[in-house]
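My notes are below the picture.

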Amino acid sequence: MSEITAEQVAHLANLARIDLSSAEIDRLTVELGQIVDSVARVAEVATPDVPATSHPMPLTNVFRDDVVVPSLTVDQALSGAPDRAGDKFRVPAILDEE
Amino acid sequence: MTSLINQTAAALAGLLADGSVSSVDVTRAHLDHIDAVEPDVHAFLHVARDAALATAARVDARRAAGEKLGPLAGVPIAIKDVLATHDMPTTSGSKILEGWIPPYDATVVRRIRDADLIPLGKTNMDEFAMGSSTEHSAYGPTHNPWDLNRIPGGSGGGSAAAVAAFEAPLALGSDTGGSIRQPAAVTGSVGVKPTYGGVSRYGAIALASSLDQVGPVTRTVLDAALLHDVIGGHDPLDSTSLTDAWPSMTAAAQAGLADGALKGVRIGVIKELNGAGFQAGVKQRFEETLALLSAAGAIVSEVSAPNFEYAVSAYYLILPAEASSNLARFDSVRFGIRVNPEDGPLTSERVMAATRDAGFGDEVKRRIILGTYALSAGYYDAYYGSAQKVRTLIQRDFAAAFDKVDLLVSPTAPTTAFKFGEKTEDPMAMYLNDITTIPANLAGIPGMSLPMGLAPEDGLPVGLQVMAPARADARLYTFGAAVEQLLEAHWGHTLLSQAPALANIEMFATEGGAV
Amino acid sequence: MAKAELMDYDKALELFEPVLGFEVHVELNTKTKMFCGCANEFGSGANTNTCPTCLGLPGGLPQVNRQAIESSIRLGLALGCEIAETSRFARKNYFYPDTAKNFQTSQYDEPIAFNGQLTIELETGRLVTVDIERAHMEDDAGKLTHMGGAAGRIQGADYSLVDYNRGGVPLVEIVTQMIEGGEADSPEIGKTYVAAIREIVKALGVSNARMEEGNVRCDANVSLRPRGSNILGTRTETKNVNSLRSVERAVRYEIQRQAALLHAGGTITQETRHWHEDTGTTSAGRPKSDADDYRYFPEPDLVPVAPSRAWVEELRATLPEPPAARRKRLQADWGFVNLEFQDVVNSDLLDVLEATIAAGAPAQAARKWWTGEIARLANAAGVSADSLVTPAQVAALIELITDGTLTDRLARQVLEGVIAGEGTPSEVVASRGLAVVSDDGPLIAAIDEALASQPDVLAKIRDGKVQAAGAVIGAVMKAMRGQADAARVRELVLERAGSAAVEPAPSGSGE
Ligand SMILES: [Mg+2]
Ligand SMILES: [Zn+2]
């Protein structure tokens, strides 16, 4: 049985910026536990001698020339904004974090 | 009576080219049929009727003016809602993007426009392509044209149902773990996941970047090849795009129609994808197909891929991990909906969290939390790191198998289309449904699904999955076209001609009899 | 915020040993951003340099800028780093409204450059070698403007505005190892280290290196270790200290603040701190917590960067002489005393001076003109000296002085003409008719007239009071509108005063 706790799920939800209700947290705690129990078996064959594969095709050094291409217009850039002020995106107050 | 809507794309292209029909006629026929069957099927999230007719008229005018047009010019196409379109809403099946119209086109969308295909609209999908049934769409499920009480597969159930219900001859899909192939299998259509990097991902809303691939959804192998030739090839905007000079997939498909195309082809049956958990009728049709292939001169043998049993686990770590990061941008700042918390101060952080709670569905939240967990400090090595090692082992299994055979085959899905709600309560059961299709995504190799009959017990379509080594997409088309021809000759008709009529629309004379 | 107690600096050093660390972010001056083709330019209209990729729109994908890779490798080499055989980008996941994708594309376990060293020289001549842990590539965030509440402060703002023009601009983050043994020099080490980085990136041409525009930004880590202990203290990270003087002040302030707190029995919180330029203080920001779980993983949308050894050597061959070595060489070549040389360096005139001397000007004359008249005019106009005239023009001007065509005073007028766009110094001399009159004829006529009109002066000179000649010289120079060589005039005045050719005019005349 996995070790996933409701506190852990609440912490993950905070990291992922999802305001889960306590009912959602409880349900996810159970589901996540079952899923994690099931998928944890990857560790059975993931021995130290096996290299990791992050990309399915082994490419390297894919670069773009340093040449300016046209940007979006300001109106295009802001066309989907839920809120704007002038030519900027407007967001609610940011608490002192950084 | 044969109408415009049940022609293949290749046939329509011929009729358009020789002036027998106009693109406006073809487009209107499809739009009218969409109007008639959509109340039952719900394959589309958006239908661009006026724009489609206007585009068709322009193509007709250019053709009339003697302009040389591409092979699929004037042929209608449906676009999975995962692809950015500058003139149609793009939601990826999610409420969080309701009404969003991107300021740009995905590369594949630009390519189909440049090739003068006629975009009909956007097709339904599981939210952010997370699902195997289209039940996770925020806009209601799509219904399988073969049985409206059943799922059309997922996540690209909308695209598959659209072509299976003759609403469009062609559609675009995306395949992260089977989202093109599995819907094709359960709707009796054809779907191809190209080699990773073969088709641009620029403008495709990312689910899992290292697994996603855009591909064709059609009713025939040749049509898929025609569409693949339009959308494929290098795109500098996608850094994982391959620079290969690809052969013509159309020519490859045509080569499969030649006599003896199957002679001497070495076919590997993957032992691990042919065992327990497969529906009897699925197994039966698979065995019959193998017998037909042998009879046609193919050399069928069994190969083993011992690490496939870890594929689903690895997939359900890699996918949520990448998805949790890809979906972080949905934060109510630059696009999409914004939802304020019910009470408390309106801070940026709280508004983001409230928006993401209200805007994401349960399955999306489940996978984001799982992915956040798999990447978090202290768990990375055991989960994400191990999953990437399994990926290496699966690539090795494929490499060993392709040392012995030219192509690998399996049923595309363990079962035929299941009923709505049958698996939504048990996420793990739903995940296990993808066991057959996931390995190809983990390894980056191309895969195709084409119909191989109806399961005797329920009369529903069964799909054959074919896989080729990376970059050998053409081999799939040659083989697929040959198998399709072999099976249709054996049945005496196409599989989709056996689909039940929808909404009192008379499409085919009913011929009866199981395929 | 309550004002922090500070301990006397000398006492703080008696009790504690400061341990430093710096993270310097250098904004590269590529034409385009790190991962998209949008222009990398400062001061454009808000959100005009954005695209689906740098706006983090659904479906946007990154493409690596080759020039940014080259600049990073060159910078790594200039810092004495090894260049990775294979390097990759990683996603650093955290939510913040200025971060369009809500992850920063950075490097984590495989940075492009690592294990470097930089030796800096303090004013006392003390050499300090700073070990560089790594230099990695990443993209910058957009710019937030906080509205409402106290002027521009995040605290108490009603809402904020975001401009993503800077989002995606290429950065190289240079991270030092712990710097121990700095002792009382610690603040100066901070300042000198950042100055050295700035000088290097400028010499390489990889950054505009303007700290006031945020091209070079410093985070300063400070911790204190009690004397006699070998256990490291808890460190604070003071963010965005964006001038050389501020780096020095911030390090000093943190040493004094932490010392007071520790001495009073308090503990240091591991936290980020904000630097306040106006008050010269730091204040607490966000404490480090499990919210700092950035969930790094390899960026799946980008493939590894594996620079071939041949490419690295090609780039190494383009490195300029290290700035410190260059300074030593130039000072010796030019024979400047420390104060003279420091003046040139501090005025940012090393490059133009070198070019002026290369164009043939004597070193002292070049220094005198650039740090004197040209600097004065530039200062008055609020522009940089090198924007007024070119080294070639200054060298030509000095040449005209050396060959006697111009006096210093005339040369100043010629300089004005050159700055006004009237042409080369020779052209200005010609068009304004400013050359020194070298023919003695007109000079003698003017001198004779002046002596005749000032019989008392003439008498004094004849009496041997040679210094009285000054009045006549002044009058002659005035009559010649400055276009005479004062030394020659003096010679001639004495000569003419001694000859009988000059007779005083009748009194009352010549007034
Ligand atoms: Mg950084
Ligand atoms: Zn951009």
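This is a predicted model: local features need pLDDT of at least 70, side-chain atom pairs count only at pLDDT 80 or more; totals for chains, interfaces and linings use all residues.

I traced an open sheet of nine strands in chain C, with mixed pairing and the order 3-6-7-10-1-11-12-13-14. Its edges are strand 3 (82–83) and strand 14 (281–287), each pairing on one side only.

**One pair.** I looked up strand 6 (residues 113–121) and strand 7 (residues 127–139) of chain C, which pair antiparallel over eight bridges. Ile120(C) has Val128(C) in strand 7 as its bridge partner.

**Helices.** I found helix 2 (residues 66–78) of chain C lying across strands 3, 6, 7 and 10, at about 20° to strand 10. Helix 4 (residues 244–263) of chain C also packs on the sheet, touching strands 1, 11, 12, 13 and 14, and makes about 30° with strand 11.

**Interface.** How many residues does each chain put into the contact? I got 61 from chain C and 34 from chain A. Together the two chains bury about 4000 Å², 58% of it on carbon and sulfur atoms. Arg66(C), Phe95(C) and Val303(C) supply 14% of the area chain C buries there, more than any other three residues.

**Polar links.** I found one salt bridge across the interface: the side chains of Asp65(A) and Arg66(C) meet at 3.0 Å, N to O. There are also 21 residue pairs in polar contact.

**Strand to strand.** Strand 9 of chain C gives the most to the side touching chain A, with five residues.

Methods: Residues are numbered from 1 along each chain as its sequence is written. Chains are lettered from A and ligands numbered from 1 in the order in which they are written. Side-chain values use heavy atoms; hydrogens and water are left out. Two strands pair if DSSP finds at least two bridges between them. Helices (H or I, at least four residues) and strands (E, at least two) are DSSP runs, numbered from the N terminus. Contact means heavy atoms within 4.5 Å. Axes are lines fitted to C-alpha atoms, for helices over the stretch in contact, and angles run from 0 to 180 degrees between N-to-C directions. Buried area is the accessible area (1.4 Å probe) that two parts lose on being put together, summed over both. A salt bridge is a side-chain nitrogen of Lys or Arg within 4 Å of a carboxyl oxygen of Asp or Glu. A polar contact is a pair of N or O atoms within 3.5 Å; within protein, one must be able to donate a hydrogen and the other to accept it, and residues adjacent in sequence count only if both atoms are side-chain atoms.
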